Amino acid sequence: MLTAPAAPPVTEEKARPAGELSAEDILASSRTVMHGLGQLSGTSVLNCREGFDRYYARGARVFEVDLRMTSDGQVVLRHDWRGGWQEGISELSIPTRDAFLAAPLLERYTPMSFRDLLLLMEEYPDICIVTDTKFTDAEVVTAQFTAMLNDAHELGLSYLFDRMVIQVYSPLMFRVVDHLGHFPHYIYTFYAEGFNGTEEALRERLTFCRENGILVESWGPLARGGALEEPILRRIADKHNKSVAQICIRWVLQRGIVPLPKSAHKNRIRANLDVFDFSLDGEDMALIETMDAPGNYSIHPDYLSEE
């Protein structure tokens with residue numbers, strides 16, 4: 001049975017620096033999210049300090065982090081416990097936090113704990129973090145977030161949660177997390193629970209999110225390319241002199257959802273951002289809503305190739 005660490009000693013909370021940007025300010029001025037602190041050595045899920053340094057220097061200010069629990073109930077930045085990344089660490093040999101931090105990633109990159117992330121956020125007051133804690137089981141969620149809150153209390157840095165966007169994957173997970181911390185910013189992703197692709201199911205989830213002040217994000221708004229050959233979307237794209245991909249992204253935006261298309265190609269990334277100079281009209285929106293969902297939807301980019 002998972003048990004969360006005991007509450008840390010009471011530490012005086014540090015004051016928020018005057019003039020520090022809010023999550024809203026940072027998100028409003030950013031159009032990209034660096035997955036796993038940014039891609040290095042052909043993978044976007046290393047969650048290492050070098051990835052952060054590289055992409056921060058290039059202007060990135062919003063970073064997603066993957067979080068796992070160690071064998072001693074602490075939280076570290078690691079996508080999964082696959083073997084081959086750190087000596088002696090695998091699904092069959094989950095480390096303590098100290099052992100994790102002592103083993104370089106791919107023999108050269110610096111692993112990070114959640115405590116390290118908090119100290120990084122204190123050092124860089126202009127970054128926003130999106131969490132990916134992976135699990136929805138209430139017991140695991142409770143243990144993870146209790147450990148994260150303990151780290152923040154022990155460092156006196158609880159205010160930094162105001163610059164985090166907590167990613168949730170189900171209504172139950174939201175209720176558990178919000179009971180523990182009542183965090184100011186949430187984002188809801190569908191990949192963990194999925195849904196049957198109907199307009200009714202989508203409306204139900206959007207209603208839940210709006211009632212609870214949760215931002216919704218869409219992984220894979222192009223349905224792994226399955227939407228690109230749809231005749232209706234091609235007609236609408238021709239009408240607006242845009243690509244089908246841009247029509248898909250614009251449709252998601254106009255539904256009040258944050259689209260996160262995945263690409264490693266600079267020209268496609270630029271094209272994905274070029275969706276703010278037009279709008280879909282009522283006829284366009286109605287036509288798209290009549291479409292059956294294409295195959296291969298609700299797939300998390302972690303499980304796609306890097307190409």
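His-182 sits in the loop between helix H6 and strand S6 (186-188). Helices (H or I, at least four residues) and strands (E, at least two) are DSSP runs, numbered from the N terminus. The model is a predicted one, in which local features need pLDDT of at least 70 and side-chain atom pairs count only at pLDDT 80 or more, while totals for chains, interfaces and linings use all residues. Residues are numbered from 1 along each chain as its sequence is written, and side-chain values use heavy atoms, with hydrogens and water left out.

The phi of His-182 is near 45°, a positive value in a residue other than glycine. This residue comes just after H6. His-182 is exposed, with a relative accessible area of 60%. Here buried means under 20% relative accessible area, exposed means over 50%, and partly exposed lies in between (1.4 Å probe, protein chains only). Helix H6 itself covers residues 171-181, and its buried residues are Met-173, Phe-174, Val-176, Val-177 and Asp-178.

Ser-41 also has a positive phi in a residue other than glycine, near 50°. Its place is the loop between helix H1 (23-28) and H2. Ser-41 is partly exposed, at a relative accessible area of 41%.

Helix H9 is mostly covered, with nine of its 11 residues buried. These are Val-244, Ala-245, Gln-246, Ile-247, Cys-248, Ile-249, Arg-250, Trp-251 and Val-252. Just after H9, Gly-256 takes a positive phi of about 80°.

Cys-248 of this helix has a relative accessible area of 6% and is buried. Cys-48 is buried as well, at 0% relative accessibility. A disulfide is a covalent bond between the sulfur atoms of two cysteines. The rule applied here asks for a pair of cysteine sulfur atoms within 2.5 Å, and by this rule the count is zero disulfides.

The next topic is charge. Side chains of opposite charge can pair when their charged atoms come close. A salt bridge is taken as a side-chain nitrogen of Lys or Arg within 4 Å of a carboxyl oxygen of Asp or Glu. A search of the whole structure finds 16 salt bridges.

One of them joins Asp-66 and Lys-134, whose closest N and O atoms are 2.9 Å apart. Asp-66 lies in strand S1 and Lys-134 in the loop between strand S4 (128-132) and helix H5 (138-155), so the pair ties together parts that are 68 residues apart in sequence. Asp-66 is buried, with a relative accessible area of 0%, and Lys-134 is buried at 14%.

Another salt bridge is formed by the side chains of Glu-289 and Arg-255 (3.7 Å, N to O). This pair also links distant parts of the chain, 34 residues apart: Glu-289 is in helix H11 (residues 282-289), and Arg-255 is in the loop between helix H9 (244-254) and strand S8 (257-260). Glu-289 counts as partly exposed at 31% relative accessibility, whereas Arg-255 is buried at 9%.

Some salt bridges share partners, and these join Arg-16, Glu-20, Asp-162 and Arg-163 into one network. Arg-16 is partly exposed, with a relative accessible area of 41%, but Glu-20 is buried at 15%.

Other charged residues form a surface patch. Arg-54, Arg-58, Lys-266 and Arg-270 gather there in a patch of positive charge. Patches are made of residues with over 30% relative accessible area and no salt bridge, where like charges are joined within 9 Å and nonpolar side chains (Val, Leu, Ile, Met, Phe, Trp, Tyr) within 5 Å. Arg-58, one of the patch members, lies in the loop between helix H2 (49-57) and strand S1 (62-69). Arg-58 is exposed, with a relative accessible area of 58%.

One more loop remains to be visited, between strand S2 (75-77) and helix H3 (97-102), where Gly-88 is found. Gly-88 counts as exposed, at 58% relative accessibility. Gly-88 and Ala-103 are 15 residues apart in sequence, and their C-alpha atoms are 8.4 Å apart in space.

Key. Accessible areas come from the Shrake-Rupley method with a 1.4 Å probe; for residues, only the protein chains shown count as cover. Lys and Arg count as positive and Asp and Glu as negative; His and the chain ends are not counted. The place of a charge is taken as NZ of Lys, CZ of Arg, CG of Asp or CD of Glu.
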